[in-house]
Amino acid sequence: MFTLAFRRSAIVAACVAAALSLGACSLFSKDDTRYDPAPLTDYKPGMSVRQAWSVSIGSGGGLGFYPSVVGEAVYAAAPNGMVGKYDLLSGRAIWRTDTKADLTAGAGSDGTTTVVASNAGDVIAYDDTGKQKWKVRATSEISEPPLVNNGLVVVRSGDYRITAFDARNGDRVWSVQRPGPALALRTTTQMIMAQGLVIAGLPGGKMMAISADSGNVQWEGTVATPKGGSDLERLNDVVGAPRLIGPLMCAVAYQGRIVCFDVSQGGRPVWAKDFSGAVGLGADDNAVYAPDSHSIVYAYSLRDGSELWKQAGLRNRRLTAPVAIGPAIAVGDYDGYVHFLSRSDGHLLARLSVGGDAVLSPLQTTSQGVLVQTGNGNLVMIATN
């Protein structure tokens, strides 16, 4: 689910990245099964799931791709340069545009402006007919979906700079940069906007809240503190998207912790648990749900962080961050399956293959069911009723 990204020259064997994911290289003997994906097992169905529709949006998949749902529309992009708007109820294409570029991230949208990022570092915006509005160059490559909200397009580039552009014309509004570590994970990350703040998790275990209006940093919090003597041991990147539930904002770091902060009290930590996550977390009004770096799924009480349950039946299946829907949480895996686990105790309720390669893009709960962007460039809606 993730690889390593370097900001300076370093000699690290290519198989180290695989070892972090599933140990799939010669660092481990052929008889070592610790990192083998758990096989699919029989279960007693506890809920009904079905594929409501599927549509091709392009080809390929990647960590920087996440469909945006605005009202009854879905905006999505694929690495081969296609971006489009689709009907949430049927999957019908409303418009599709070829950017004529290889893309690294997208699609961010507010229903008026839809934005993608190219491998050249270009930020490309389209109006709601699919016509290009503007294009600007970021300071380096962008590997997470642009955030489009409140008249702004906000991107985070590989040099740890967060930049806001005017959604109307692409003019730069503000920019914030923090120093980063020599080594960072390349995994699913997302910024959110809430209460007039752009909230981002950063490499090195930090969270930052920035005023969307001024670009001033309002507060910074620590999810995890790097430890160890090497760059690899000190990897503590905040992964996935921060989750806001009432006054609490929760986040997870690789080789670090899960922490819930009270945003109403300036980001005061409410509780923390030692944890190593690689893809982020999900949450509802009662619990925080997160797969660890071996895809063992844990549920913690939102109130005090006490462990409610854990589910090891999907170990090493490279799960996505969970999303809550009905009585379940849903997670995608490396083999194109979406699994539904009981929110109450974690047992398996349902499973559905969406085809294609590994599900890398985070799942999304919608009014029509669970929306999945597959590894081979399809959008799939899973109905749960």
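Which residue in β23 stands opposite Arg-257? Select Arg-257 and look across to the next strand: the residue facing Arg-257 is Asp-274 in β23. The tour returns to this place after an overview.

**Before starting**

This is a predicted model, in which local features need pLDDT of at least 70 and side-chain atom pairs count only at pLDDT 80 or more, while totals for chains, interfaces and linings use all residues. Residues are numbered from 1 along each chain as its sequence is written, and side-chain values use heavy atoms, with hydrogens and water left out.

**The whole chain**

Show the chain as a cartoon. It has 1 helix and 34 strands. Both are DSSP runs numbered from the N terminus, with helices being H or I of at least four residues and strands being E of at least two.

Now switch to a surface. The accessible surface is about 15,300 Å², and carbon and sulfur atoms hold 46% of it; the areas come from the Shrake-Rupley method with a 1.4 Å probe, and for residues only the protein chains shown count as cover. Of the 385 residues in the chain, 59% are buried. Buried means under 20% relative accessible area, exposed means over 50%, and partly exposed lies in between (1.4 Å probe, protein chains only). Among contacts with a separation of 6 or more, 47% are between residues 24 or more positions apart, a contact being heavy atoms within 4.5 Å.

**Stop 1**

Two strands pair if DSSP finds at least two bridges between them.

Strand β22 (residues 256-262) pairs with β23 in the antiparallel sense over 7 bridges.

**Stop 1: a second open sheet**

Move to β16-β17-β18-β19, the order of 4 strands in another open sheet with antiparallel pairing.

Leu-202 has Lys-206 in β18 as its bridge partner.

**Stop 2: the cores**

Select Val-338, Phe-340, Leu-363, Val-370, Val-372 and Ile-382: in the largest nonpolar core, which has 18 residues, these touch the most other members. A nonpolar core is a set of buried Ala, Val, Leu, Ile, Met, Phe, Trp, Tyr and Cys residues joined through side-chain atoms within 4.5 Å. Strands supplying at least two residues each include β30 (337-342), β31 (348-353) and β34 (378-383). The most comes from β31, with 3 residues. A second, separate core has 17 residues, among them Ala-209, Met-249, Ala-251 and Phe-261.

**Stop 3: aromatic pairs**

Colour the rings of Phe, Tyr and Trp (its six-membered ring). They pair if their centres lie within 6.5 Å; planes under 30 degrees apart count as stacked, over 60 as edge-to-face and the rest as tilted. The count comes to 7 aromatic pairs.

Trp-134 and Phe-165 make a tilted pair, 6.3 Å centre to centre with 45 degrees between the planes. Trp-134 is in strand β10 (residues 132-137) and Phe-165 in strand β13 (residues 161-166), so the pair ties together parts 31 residues apart in sequence. Both Trp-134 and Phe-165 are buried.

Phe-275 and Tyr-298 make an edge-to-face pair, at 5.6 Å centre to centre and 85 degrees between the planes. Ring pairs link Trp-271, Phe-275, Tyr-298 and Tyr-300 into a cluster.

**Stop 4: the hairpin of β13 and β14**

Return to β13, which runs antiparallel to strand β14 (residues 172-177) and is joined to β14 by 5 bridges. Thr-163 has Ser-175 in β14 as its bridge partner. The hairpin has 5 residues between the strands, and in it Gly-170 takes a positive phi near 85 degrees.

Is Arg-172 buried or exposed? Arg-172 is exposed, with a relative accessible area of 60%. Leaving aside neighbours within four places in sequence, Arg-172 is in contact with Thr-163, Ala-164 and Phe-165.
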